[in-house]
Amino acid sequence: MTQKAQPKMEQSEKRLKKQLRVCVATCNRADYSKLAPIMFGIKSHPEIFDLEVVVLGSHLIDDYGNTFRMIEQDEFDIGSKLHTIVRGEDEAAMVESVGLALVKLPDVLQRLAPDILLVHGDRFDALALATAAALMNIRILHLEGGEVSGTIDDSIRHAISKLAHYHAVCTRSAERHLISMCEDHSRILLAGCPSYDKLLSAHQRDYYIDIIKSWLGDAVKEQDYIVALQHPVTTDIKNSIKIYELMLDALISFNKKTLVLFPNIDAGSKEMVRVMRRKGIEQHPNFRAVKHVPFDQFIQLVAHAGCMIGNSSCGVREAGAFGTPVINLGTRQTGRETGENVLHVRDADTHNKIYHALELQFGKRYPCSKIYGDGNAVQRILKFMQTIDLSEPLQKKFCFPSVKECISQDIDHILETQSALAVDLGGTNLRVAIISMKGKVVKKYVQLNPKTFEERIELILTMCKQAMADAVHLNCRILGVGVSTGGRVNPQDGIVLHSTKLINEWSSVDIRTPLSSALHLPVWVDNDGNCAALAERKFGHGKGIENFVTIITGTGIGGGIIQHNELIHGSTFCAAELGHIVVSLEGPECMCGSHGCIEAYSSGLALQREAKRLHDEDLLLMEGMTVNNKEQVNAIHLIDAACLGNSKAESVLHTAGTALGLGIVNILHMINPSLVILSGVLAAHYENPVRQVISQRALLSAQDTKVMVSELEDPALLGAASMVLDYTTRRTY
């Protein structure tokens, strides 16, 4: 042996000879059932361990059975009793109880000066213990961390795990959870549940009949009674009380002898006790309501019950060791590992579902489960504590997984979050939308368009402010506002010069200034036809096309021209008023005051006019078609009639398609685009007629021009958004 190794060995022997002072703090009857086997184990090795016992929480309350007495009956010396519970059984009382415990614990821990504090589980009292010990530099061994359930207990359990220096877990899954939470694997012991050390031997004992009779009466037989234990769910008190009431109703109807244990001290327990008393459970001949049953007797009662019902962890853990059928009610144990003996009733509106579960489970026996232990947990935990090196630095270390360092921004994240507010001022509706860089309509808002200028501006501002507030929660960063409107627009100044007749009082109106001032964002404004072209350039068929034209076929006829990748506005901002290209000198009157415009033939209003004329002459409707007296004849009726073979309707549509085709031929001859995009509700009906006219009337060099129907659902909104997105991301608009 080297001289260097000898001092180390001597130090190790000296440390082993010194007793390890272990403080076990117990807060209630449930955690004592897990801690007691370890306490007996520690007590049986006085040469290794020095046991100190601290009792607090509901152990010291008469309403909950003064369960500290069973600790004394087990012949443990209680070093300190701390009254830490503030009565009230509500959320505030739980918080105050934690605070009271934190006030009283420092004196006790300072006096006892333990090497290790043993803390169990997920109760609020245990959180106070772990917090005090961590701040006082006392090593903490946490039992049953890493498990998952369905209440605030999860958060408390994980918080204690982060404060603890060492962990003794029950299952492999819990071990993996702690490792995922960055706990040091070398400080995690897969021990099993300490209570299983008693359970697996207790099942074989033959005095259980006496225990059953003492609690439920001489006439009750094995597997012919029910054990009920339901606790409040602090994150959903109202629903947990409802489930408790339904459980009691089902048990009354089921008509079997039942042992009902009072709930724990969590918020909501007082209301549950009131429910129990209101239903007369304590006086009912089929029920025995008790505040506490000693653990040794309780496990015998569970082992030989016909069924256990409620939401206690005992049902999903300990009962499995006996194969006792269990009905787990509500969400308190959601996420727990369970054996096949557990039937879950997550929610119920009447007691019928719970009653049916009782019919299915009562009297069955299942294979015994050892998910939570094999009967050797205490032995492993005692051995583990002996390996703790008190000379090691107290500060715990977390084992964070390696993460690749980010050296640049994520383009997908940028595209997703950078967004625009788009406004479409239509003749009927006012629409606002949040639109992402990729053209996704994140959220849309629709209101009827008011009649006056003041009302419109006020409504636009209200809708935009709502959208901006929602954008924060939707992870969208608003870069600006784009407005699409009918009529002639000066986009440089954000002014509507002349509106269409569909939007009254909307001429020489400055839209940009009031919106920008109120919203503190840049604002762009343009004609709806131009916006449709911009939408196609950024999101549609025009993407990557240098020269193309978009024609809107809707209530009116409009459009936009993209030449050398730029939108053409013209010297007085009336370029691309494509609906007012004249295709006949003697044509019908247009809304602009002229005659023979494309819009006078091919717009939705023009088709509606012709449909009404035919209807008035009784020349519109075909067999199978009807028009209600209240229903206004429109373009759709005309199209339906043509599809059914109405020659007059066919003639109108042929003329409309020819007029639109002739106008597009003129456009081809003037600016020679490589693509024509038809947009709007009538686009699909005009696609073939337009292609036919181009093939018949266009110059040979223009006859191969592509004609496509737009696939964009909201070209006006998308175009309004593109003005914002292209400019703010430094693409020239």
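Helices here are DSSP runs of H or I with at least four residues, and they are numbered from the N terminus. The model is a predicted one, and the spaces described below were computed from it.

One place to begin is the second largest pocket, which has a volume of about 290 Å³. Its lining is made up of 15 residues, and among these Leu-653, His-654, Gly-657, Pro-689 and Gln-692 lie nearest the centre of the pocket. The elements that each give two or more residues to this lining are α22 (635-643), α23 (647-671) and α24 (683-697), and of the contributors it is α24 that gives the most, with seven residues. Sorted by class, the lining of this pocket holds seven nonpolar, six polar and two charged residues.

The largest cavity has a volume of about 650 Å³. It is lined by 39 residues, of which Asn-28, Arg-29, Ala-30, Asp-31 and His-231 are the closest to its centre. Two or more residues of this lining come from each of α2 (29-43), α6 (152-163), α12 (295-303) and α13 (313-316), with α2 giving the most, namely five residues. By class, the lining of the largest cavity has 13 nonpolar and twelve polar residues, together with 14 charged ones.

Methods. Residues numbered from 1 in each chain as written. Predicted model: local features only at pLDDT ≥ 70, side-chain atom pairs only at ≥ 80, totals over all residues. Heavy atoms only, no water. 1 Å grid on protein atoms, 1.4 Å probe; cavity = no way out; pocket = protein on both sides within 12 Å on 5 of 7 lines; lining within 4 Å. Points joined across faces, edges and corners; volume = space filled by probe spheres on them. Nonpolar A, V, L, I, M, F, W, Y, C, P; charged D, E, K, R; others polar.
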